Amino acid sequence: MMKGFIQRYHQPQNLLLAMAFIMPLVFSVWMVLLNNFVVEKAAFTGKEIGILQSLREVPGFLAFTAVYLLLFIKEQKLALLSLGVTAVGVAITGFFPSAFGLYITTVIMSVGFHYFETVNQSLTLQWVDKDNTPHFMGKLLSAKSGASLVAFSSVWLLMEYFTWSYQATYALFGIVALLMTILLAMSFQQFSAPTEQSKKLVLKKKYWLFYALTFFSGARRQIFVVFAGFLMVEKFGYSVADISALFLINYVFNWLFAPSIGKIIGKVGERKTLLFEYVGLILLFISYGLVDTGYLAAILYVVDHLLFALAIAIKTYFQKIAEPQDIAASAGVSFSINHIAAVVIPALLGVVWLTNPSWVFFVGAGFAACSLTLSLLIPDKPNQGVEWRFKHRRKEA
């Protein structure tokens, strides 16, 4: 009986779920404290936060280099190592409350975060079969949301009622995440991939629609990640407790509904899912630009976060059209494409923010409109050889 339990426990899906819990546990603390920390301790304006966020995305732009690391280290070990680096970066953040210090610690954290996300996406698409991927990704999102709930509620409790410092809070969660990562590395065996992965860069013409969707997703997402939270603090005066409460609401919804979202994507398909998401995002970004009350902004923030869960459909679309041996290399390339705009946009729009914050969100609506146009080209049933609708029609003709 014990042997059967151990065999069920030592499954690659369980390792994915465990890592999916640890990463948001530590990253969520970094994220929820950031805007208040940089304003209160380092006197940041929109310009400095834009520079910091652009620097944070540089490792994401370089994520394609992960394929070269796979020449020397297995993907599973690289994922765990990257998770550990992230934890260290977060743990030391509070000790450097200056612009230069925050730039350095952010880059350290980001190197671990982006290599982990790249390799973790690759392992998920390799270890989980296509029919179960949407549902499993929903479970992953639910696990991430559960971890974020723990993180945000703990931050709220520690800083609101026990008056912990930023330094102590960052250090606590960084160290806990590092210890949990070491435990995972000691507990799970090395799992093999079903298909030997290519160890060179993969950039193929037939994946162009996936690349384009990924590019605009990264550009649009950066505006939400960087400036929506900053809007709450700078324009509406949200405190750490307020931001934590808002994040808690977000992740309660994700924790409850993410598995169902995965099932819905599996039933209605990627095309309809993404069309719904992008129409919603266009309306949301326009509303962000016009909002003048903190309560309405908070509602927009929660709805925005829920819609983002639908982006799972881009990954499941790629899994259906990709050749199995391309997944690992393509994961790095897609992350780099996702971050091309992310490296430039925060700094540029940080300057725009100083002139008129509303313009930043109107730009986001434009990016969402581009994504909407591209999503019209996704086939109803994507597959290898049927990567986009025009190609499908031409083949039938």
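Helix H2 (residues 12-42) packs against helix H8 (residues 166-187) at an angle of about 165°, and their axes lie 10 Å apart. Because of this angle, H2 runs roughly antiparallel to H8, a term for angles over 145 degrees, with those under 35 degrees called roughly parallel, 65 to 115 roughly perpendicular and the rest oblique. The model is a predicted one, in which local features need pLDDT of at least 70 and side-chain atom pairs count only at pLDDT 80 or more, while totals for chains, interfaces and linings use all residues. Residues are numbered from 1 along each chain as its sequence is written, and side-chain values use heavy atoms, with hydrogens and water left out.

The helices here are DSSP runs (H or I, at least four residues; strands are E, at least two), numbered from the N terminus. Axes are lines fitted to C-alpha atoms, for helices over the stretch in contact, and angles between N-to-C directions run from 0 to 180 degrees. The crossing of H2 and H8 is left-handed, meaning that the near helix is turned anticlockwise from the far one by less than a right angle; clockwise would be right-handed. In the contact of H2 with H8 there are 18 nonpolar, four polar and two charged residues. Nonpolar covers Ala, Val, Leu, Ile, Met, Phe, Trp, Tyr, Cys and Pro, charged covers Asp, Glu, Lys and Arg, and the others, Gly among them, are polar.

Helix H5 (residues 75-93) and helix H6 (residues 99-127) meet at an angle of about 155°, with 8 Å between their axes. H5 and H6 are therefore roughly antiparallel to each other, and their crossing is left-handed. The residues of this contact comprise 15 nonpolar, nine polar and one charged.

Aromatic rings come next. Rings of Phe, Tyr and Trp (its six-membered ring) pair if their centres lie within 6.5 Å, with planes under 30 degrees apart counted as stacked, over 60 as edge-to-face and the rest as tilted. By this rule there are 19 aromatic pairs. In one of them, the rings of Phe-37 and Tyr-170 have centres 5.6 Å apart and planes at 65°, so the pair is edge-to-face. Phe-37 belongs to helix H2 and Tyr-170 to helix H8, so this pair ties together parts that are 133 residues apart in sequence. Phe-37 is buried at a relative accessible area of 2%, and Tyr-170 is buried at 0%; buried means under 20%, exposed over 50% and partly exposed in between (1.4 Å probe, protein chains only).

Trp-208 and Trp-388 also form an edge-to-face pair, 5.4 Å centre to centre with 80° between the planes. Trp-208 is in helix H9 (residues 208-234) and Trp-388 in the loop between helix H15 (357-375) and helix H16 (389-396), 180 residues apart. Trp-208 is partly exposed, at 30% relative accessibility, whereas Trp-388 is buried at 17%. Elsewhere, ring pairs join Phe-227, Phe-285, Tyr-288, Trp-353 and Phe-361 into a cluster.

Thr-133 is placed in helix H7 (residues 133-160) and is buried, with a relative accessible area of 0%. Leaving aside residues up to four places away in sequence, Thr-133 touches Leu-125, Val-128, Thr-316 and Gln-319, where contact means heavy atoms within 4.5 Å. Thr-163, in the loop between H7 and H8, is exposed, with a relative accessible area of 65%. Most residues other than glycine have a negative phi. Thr-163, although not a glycine, has a positive phi of about 45°.
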